[in-house]
Amino acid sequence: MTLTDTSAAPPAPGGVRPVADWGDLLAAALLGTDRRTPPVAARPGQDPAAALLEAAAISTVQRRAGLRPAAARRGPAPAPADPRPDLPPAARVRLAMLLTERAGSGGGGSRTAPDLAELLPQWLSAANRHGYRAPSALLPALLDAARARTDLRPAALTLAGPRALWLARLNPDWKFALRGGPPTGASDPAAPGAALDAAATQRVWDEGLFAERVALLASLRRRDPAAALALLARTWSTERAEDRLMFLDSLREGLSQADEPFVEQALSDRSRNVRSTAAELLSALPDSALAARMAARSTACVTLRADAGRPVLTVAPPASCDSEMERDGVIAKPPSGRGERAWWLGQLVEATPLDAWVERFGGRTPAQILALPVADDWQAELHAAWGRAAVRQRNADWARALLNTPEGDPSAPLTDPPATAPQGAGHPGGGQGGAGAHPGGAPAGGASAARAALGGHLSPTAAGPSWRDPAKLLAVLPAAERAAWVAEFIATHGLSDAFRLLGVCTVPWAEPLGRAVVDALDIARDAGSYPWSFSGVMGLAERCLDPALADRLEVLTAIAEEPRDGAPGAIGYWSEAFQRLVGTLRLRATMQAELAAAPDQPDGAPDPGETEETGGAEVSGA
Amino acid sequence: MGWPSVVDMNWQGERWTAEQVLALAPDAASQKAGGKLSSPAPWSGTGVRDGALWGLCSGSGSKPYQTVIDLSGPAYRCSCPSRKFPCKHALGLLLLWATEEPMPDAEAPPWAAEWLTGRRERAEREAASYAGAQGADAGEGAAGAGDDGAAARRRADRIEQRERRIAAGATELEQRLTDLIRDGLAGADRSGYAQWDETAARMVDAQAPGLAARVRELGAITTSGAGWPSRLLEECALLHLLSEGFQRVADLPAPLAATARTRVGLTTDTAELLATAEPVRDDWLVLGRQDSDDGKLTTRRVWLRGERTGRMALLLSFGAAGRAPELALPVGLVLDADLAYYPAARPLRAALGRRYGTTNGGGAPTPAVASTPEPAAAVAPARSAGADAASAAHAGATRAAGAPAQAPPGVDVSTALAAYGTALRDDPWLDAWPVVLSRVVPVPDAAALEALADAGAPRGGQRGGGAGAATESATRTGDDGWQLADAGGTFALPIDPRCTSNLWQLTAISGGAPLTVFGECGHRGFVPLTVWNGAPVALTSGTHRTGP
């Protein structure tokens with residue numbers, strides 16, 4: 001009994017016999033009245049057991065009627081205020097439904113019904129762009145959803161705001177929410193650590209668990225990069241190697257020239273992984289000493305000569321990998337099957353600021369440089385390294401130029417490039433640029449081997465110019481340019497190889513990309529294949545096409561005549577697939593309208609417009 | 001024919017909230033399906049007038065479905081073949097009305113008008129026959145007394161026969177209880193459910209389902225954790241009290257006798273009750289709702305409180321297993337209606353009689369029959385004046401759609417417990433009494449607060465220092481469950497450990513701040529059902545345990 005009972009205190013109301021102590025009654029009842037005489041006298045002719053029950057009944061009612069409240073325990077301090085506006089009513093209902101759908105998870109039963117679970121991420125980021133806060137009644141469901149799906153966490157936690165973090169502290173199930181905090185809400189005062197003063201920050205840093213320290217560092221880095229660096233520098237020498245790696249990695253955000261001295265000394269770290277991460281960070285700082293050293297090394301390897309009056313690039317890869325190079329993050333031992341000199345060259349070029357090449361080749365533009373012939377089949381190796389550098393340095397000029405080289409032209413025929421890989425091209429998209437980040441090096445020899453190195457991203461026929469990774473290069477370009485490039489690619493090559501490219505395009509797909517996808521789907525239907533050959537693209541299209549295209553797609557939901565050589569029944573499946581596509585687009589339009597409706601508070605955020613958001617095929621920036 | 005239009009009322013101003021609409025859904029699938037139909041796209045010909053909505057919903061077939069809703073019920077009709085009630089189309093239309101742009105005020109199309117007319121005429125007939133029955137009672141029903149007399153005698157015989165069987169069952173039960181006490185309760189947890197189930201079956205044979213249910217619960221007590229012997233003795237004693245009481249039911253005062261009869265399982269015919277009991281008319285605020293499903297039957301409990309009388313009432317509605325009961329009153333609605341209380345020493349359960357209209361949480365009313373000029377005059381002349389006055393008063397205060405409803409007035413935790421204690425005076429078998437608590441703060445269980453301490457976050461500082469906390473935990477072991485504490489921070493009601501409401505949702509809404517909570521207050525603690533966060537939120541059911 002958790003309520004205080006007062007059986008001892010108040011006298012029984014008039015007319016009721018005084019009742020025995022409950023403990024005595026219970027003791028007699030437990031043992032049995034045969035064994036223990038009950039503490040109450042039976043009336044003549046009454047069974048002692050009945051007398052006990054009678055007394056117990058009176059006692060029970062008395063005790064219940066006299067219950068007093070318990071002493072209140074101390075609860076949590078109130079949650080911090082969240083001044084953001086409430087969701088409009090329809091959007092609130094929509095969120096409740098999207099969250100119910102997740103819980104049901106038996107969804108997707110109908111082939112024509114939209115997959116709500118797939119729309120939740122989009123809904124969350126749209127709501128965040130409007131600057132709404134989640135209804136507090138839905139916070140538990142929202143936290144549960146974020147717990148189950150890590151991809152939802154940043155957006156869900158941003159929407160959920162400070163009250164969700166307050167709640168998560170009470171329930172270990174939601175501990176995950178305390179680890180990172182909403183990364184998109186950089187200015188969010190509720191980000192964990194934001195409220196901590198210097199002393200508390202120091203205390204968590206000195207005494208906290210690893211996850212707490214990583215979260216603290218990341219959140220401090222977002223708000224005050226210098227303070228985060230200072231915090232880390234103070235304890236750096238005493239941290240364990242794997243912790244140093246994680247901490248160093250968190251400097252990636254907000255990296256600036258001010259970090260160079262610290263990162264530079266990390267180049268001499270005991271741990272190889274720490275060293276290579278430090279080198280990678282420094283190479284992303286064009287003014288760093290490391291970048292200058294790498295530029296000096298790599299430009300010495302590539303020379304512009306005149307060959308019969310025509311300019312040509314000649315390549316002389318480094319003859320050795322000295323200890324200075326190794327200190328700068330160059331990995332001496334190539335993956336099996338790769339020539340070591342080409343391997344070293346690739347790493348040097350990748351870490352060289354791209355502007356160094358413009359300077360070296362007399363102010364030529366990136367396009368002009370890429371158009372230069374390269375002697376002795378070094379072109380693929382060189383261009384691939386420039387591609388990795390463009391991704392790492394997020395250099396749009398170079399990315400554009402690389403994508404528009406004859407090999408990169410989206411409308412170019414998908415034929416094998418000339419056998420240009422002298423010693424086997426490396427995986428161009430290793431991206432991390434660090435230790436062992438180049439998986440499965442291709443065996444020496446031709447382009448087919450290089451294609452194999454591309455793994456599952458592009459099918460063999462699509463490998464085309466095997467040295468570049470268009471998806472990563474595209475991610476460096478502005479959104480409209482990205483969409484136009486992919487549209488042209490699809491118009492030429494169809495959808496089969498477009499999945500990864502579409503994944504880096506911003507949502508909703510800008511024209512002409514949307515139309516290109518719709519046309520390509522229409523063509524695929526007419527060709528008579530089954531729609532599930534395109535299920536990946538279809539799923540992306542549901543999430544990413546501009547909802548305004550729904551009307552245009554509506555005609556495709558009709559069951560057309562089977563093409564003569566088509567797969568049996570395919571046309572019916574296409575109709576269903578298009579119904580689902582149209583239904584999803586309409587639903588997305590409705591969801592957007594609901595979020596745009598006047599919020600409950602009049603001073604809603606101004607229309608935020610679209611921000612950078614991609615369709616979901618993950619592309620890790622270098 | 002059309003419906004009389006009340007032009008000076010703003011129909012859009014009293015729209016329900018989307019949550020209230022969704023609460024009507026019989027299940028989650030219907031909520032989802034209804035949500036998909038809540039956009040304007042599939043709808044055409046929608047309109048609203050006089051508390052009715054209608055629209056055509058295009059589906060997969062060639063002919064659109066015709067959906068019409070009488071909000072005063074609410075009652076629904078749809079031409080779709082679904083057996084769900086309300087169907088997804090009705091839910092979609094309600095959601096559309098609740099959340100989208102205002103629907104046009106329009107003349108109801110014939111297919112809708114026909115049903116609405118039929119409904120309202122039926123309501124009038126019922127009202128007339130109800131008035132007639134009351135008249136007949138008053139006039140002693142001289143005509144046809146012979147026939148009625150014979151039927152009444154036969155019925156009285158049947159009841160008497162059943163009461164004799166129940167009394168025999170009660171005697172048998174008492175025997176078993178005294179046997180148990182004679183042998184001792186100590187081993188009761190080892191004998192399992194079988195013996196209780198067998199006794200319960202005997203009570204079913206004796207046509208005493210109320211006794212049978214209580215006996216079955218005894219079996220569950222032995223597995224209910226620490227302290228079970230004390231709880232088992234309590235319930236055995238109260239069961240003893242009930243069977244003893246029923247055997248002397250003739251000697252009991254009439255209200256207590258009625259309670260004893262109800263508790264053993266004798267039912268009162270609802271139609272008869274509505275025809276004979278003195279109706280209590282009030283603006284009834286729907287405070288809470290709870291469905292339970294025992295595998296055979298879904299029972300819906302809806303709690304109301306009269307805004308003028310302050311009386312609590314409980315409506316019960318039943319549906320086949322897995323199907324939602326028909327009574328669908330969203331929390332926060334205010335219902336101008338007659339209730340007939342079932343006879344009891346402490347009346348709570350009631351039957352819903354005539355409805356005059358609904359309002360949403362203190363906003364403008366949705367007029368129904370009585371407040372629209374024509375039918376009102378025909379149906380309830382004696383009351384129309386009052387109804388008109390009431391609706392006129394409400395109509396003056398039109399509320400913006402979605403504006404938060406006021407939380408109802410409530411009491412502190414001590415008063416809540418006292419209310420339960422007072423109710424027990426009349427009905428010793430009461431397990432709990434419905435109350436509205438105001439200004440209470442949910443306090444999570446000890447495990448959650450420990451997690452909080454681990455997270456290095458501060459706790460509320462209203463109550464004393466560490467010393468106080470230490471004595472608390474030292475002396476009150478087993479008192480570390482969830483609580484609802486007065487905002488003052490001195491007293492608290494523990495949450496009933498059997499409570500299935502989602503306490504995390506309650507905590508999220510509170511954010512550590514005091515709020516108004518409706519629920520049942522009983523000897524095992526409080527069961528929160530509804531919380532006001534501006535608008536009322538019916539707590540979902542869910543686990544609230546902390547940690548693994």
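## A salt bridge to start with

Let's begin with one pair: B:Arg263 and B:Asp427 join their side chains in a salt bridge, with N and O 2.6 Å apart. The term is used here for a side-chain nitrogen of Lys or Arg within 4 Å of a carboxyl oxygen of Asp or Glu. Side chains of opposite charge can pair when their charged atoms come close.

A word on the ground rules: this is a predicted model, where local features need pLDDT of at least 70 and side-chain atom pairs count only at pLDDT 80 or more, while totals for chains, interfaces and linings use all residues. Residues are numbered from 1 along each chain as its sequence is written, chains are lettered from A and ligands numbered from 1 in the order in which they are written, and side-chain values use heavy atoms, with hydrogens and water left out.

## Inside chain B

Chain B splits into domain 1 (11–120), domain 2 (155–264), domain 3 (277–396) and domain 4 (413–538), with bounds that come from an automatic or database domain assignment. Nine residues of domain 2 of chain B and eight of domain 4 of chain B take part in the contact, which means heavy atoms within 4.5 Å. Between these two domains about 770 Å² is buried, and carbon and sulfur atoms give 57% of that. Buried area here is the accessible area (1.4 Å probe) that two parts lose on being put together, summed over both.

The rule finds one salt bridge across the interface of domain 2 and domain 4 of chain B. There are also three residue pairs in polar contact between these domains, both residues being at pLDDT 80 or more. A polar contact is a pair of N or O atoms within 3.5 Å; within protein, one must be able to donate a hydrogen and the other to accept it, and residues adjacent in sequence count only if both atoms are side-chain atoms. On the domain 2 side, helix H8 (228–247) and helix H9 (254–264) of chain B are the elements that give two or more residues. Helices are DSSP runs (H or I, at least four residues), numbered from the N terminus. H8(B) gives the most to this side, with five residues.

## Where chain B meets chain A

Now for the two chains: 89 residues of chain B are in contact with 64 residues of chain A. About 6,400 Å² is buried between them, with 62% from carbon and sulfur atoms.

The count between the chains is five salt bridges. B:Glu235 and A:Arg64 form a salt bridge, their closest N and O atoms being 2.8 Å apart. H8(B) turns up again here, giving the largest share of the chain B side that touches chain A, eleven residues.

## Links within chain A

Over all chains, the salt bridge count comes to 50. Within chain A, the side chains of A:Arg147 and A:Asp173 meet in a salt bridge, 3.9 Å from N to O. A:Arg147 sits in helix H5 (residues 139–148) of chain A and A:Asp173 in the loop between helix H6 (153–168) and helix H7 (176–179) of chain A, so the pair ties together parts 26 residues apart in sequence.
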